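The sequence and model are shown first.

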Amino acid sequence: MKAIVVTDRAAGTAGMTLVERPEPQAAINDVVVQVHASGFTSGELTWPSTWTDRLDRDRTPSIPGQELAGVVTALGYGTTGLSVGQRVFGLSDSYRGGTLAEYVAIEARNLAPLPGDVDFTVGASVAMPGLTAWQGLFQHGRLRAGQSVLVHGAAGAVGSMVTQLAREFGGYVIGTGRAADRQKALDFGAQEFVDLDNDAGVDLVFDVIGGDIQKRSAGMIRAGGTLVSVVGPTEARAADGLTVDFVVESDRAQLSEIVQRVRDGRLRTNIGTVSTLDDAVAALNPTERHSGKTIIHVRP
């Protein structure tokens with residue numbers, strides 16, 4: 001099968017190459033999925049799990065990519081809940097990755113059925129951003145109706161999902177980002193768009209950036225509020241509140257909630273560049289900034 005592989009951590013996305021690899025086999029509780037569309041998060045190439053296994057042994061050349069939508073082609077021993085020929089979407093384990101390929105072996109529990117009226121491109125584009133937004137807002141941020149939410153990168157793939165879900169559940173959303181992204185953030189439902197010189201107090205900060213912006217944001221959190229981050233251990237601390245950093249996990253029930261909202265129009269995807277697997281290396285090494293999620297069409 002065709003697959004993108006990485007072997008050099010220092011090279012980042014520039015070290016990606018398209019090669020031929022053996023097709024994967026389904027282990028116990030796995031399925032093999034013929035990948036139709038895959039998403040990619042550039043941060044994957046900074047994660048230890050892309051380069052080593054859980055015992056810290058080198059696992060290169062590794063196939064990156066966690067996000068996918070496709071069709072089940074084989075079941076491993078003992079696998080239940082899915083069937084051959086079923087349309088599915090979801091996230092692979094970060095220690096396995098593998099979705100930037102024509103086939104991937106993945107634990108069945110990490111996948112949810114993809115309804116026939118949702119295309120594969122959309123399925124691949126909502127898995128990671130949708131789950132990140134859902135878990136950050138509801139599991140970790142414990143969002144309640146009437147609370148204010150500061151969303152960094154509100155026009156981005158994750159931020160636009162955070163904005164829409166926070167609005168649906170009664171939050172007041174203040175988006176941040178580049179000035180050029182203002183209208184897009186408002187179109188996704190942000191009620192205000194501000195720069196970080198704004199010092200208004202908020203109940204919840206959803207941070208996808210880290211660094212100095214995270215530190216400044218921590219000072220904006222009201223007593224009892226929460227700073228939620230997806231960029232690793234947080235240096236900044238909310239003075240009178242809670243600070244949480246988390247790693248997104250695949251969850252079938254949450255994926256089903258997310259895709260139902262896509263179907264009924266409550267949740268819009270934020271797709272930027274769409275490319276083929278043959279052209280994926282160039283698409284994942286853009287010469288200019290792109291807004292939205294980059295999706296790789298693995299099958300035409």
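Which helix holds both Arg261 and Glu257, and how many residues apart are they? Both lie in helix 6, four residues apart, about one turn of the helix.

## Basis

The model is predicted: local features need pLDDT of at least 70, side-chain atom pairs count only at pLDDT 80 or more, and totals for chains, interfaces and linings use all residues. Residues are numbered from 1 along each chain as its sequence is written, and side-chain values use heavy atoms, with hydrogens and water left out.

Helices (H or I, at least four residues) and strands (E, at least two) are DSSP runs, numbered from the N terminus.

## Salt bridges

The whole structure contains twelve salt bridges, each defined as a side-chain nitrogen of Lys or Arg within 4 Å of a carboxyl oxygen of Asp or Glu. One of them joins Arg261 and Glu257, with an N to O distance of 2.8 Å. Arg261 counts as buried because its relative accessible area is 6%, whereas Glu257, at 36%, is partly exposed. Buried means under 20% relative accessible area, exposed over 50%, and partly exposed in between (1.4 Å probe, protein chains only). Through shared partners, salt bridges connect Glu168, Glu257, Arg261, Asp264 and Arg266 in one network.

Lys293 and Glu67 form another salt bridge, at 2.9 Å from N to O. This pair links distant parts of the chain, 226 residues apart: Lys293 is in strand 15 (residues 293–297) and Glu67 in strand 4 (residues 67–75). Both are buried, Lys293 at 7% and Glu67 at 0%. Arg109 pairs with Glu107 at 3.0 Å between the closest N and O atoms; at 57% relative accessibility, Arg109 is exposed.

Glu44 sits in the loop between strand 3 (30–39) and helix 1 (48–51). Glu44 is buried but has no salt bridge, and Lys293, the nearest side chain of opposite charge, is 6.9 Å away. Here Lys and Arg count as positive and Asp and Glu as negative; His and the chain ends are not counted. Leaving out residues up to four places away in sequence, Glu44 touches Thr50, Pro64, Gly65 and Gln66, where contact means heavy atoms within 4.5 Å.

## Helix 2 against helix 6

Helix 2 (residues 120–140) and helix 6 (residues 252–263) have axes that come within 9 Å and cross at roughly 115°. Axes are lines fitted to C-alpha atoms, for helices over the stretch in contact, and angles run from 0 to 180 degrees between N-to-C directions. Residues in the contact include Trp134 and Gln135 of helix 2, and Glu257 and Arg261 of helix 6.
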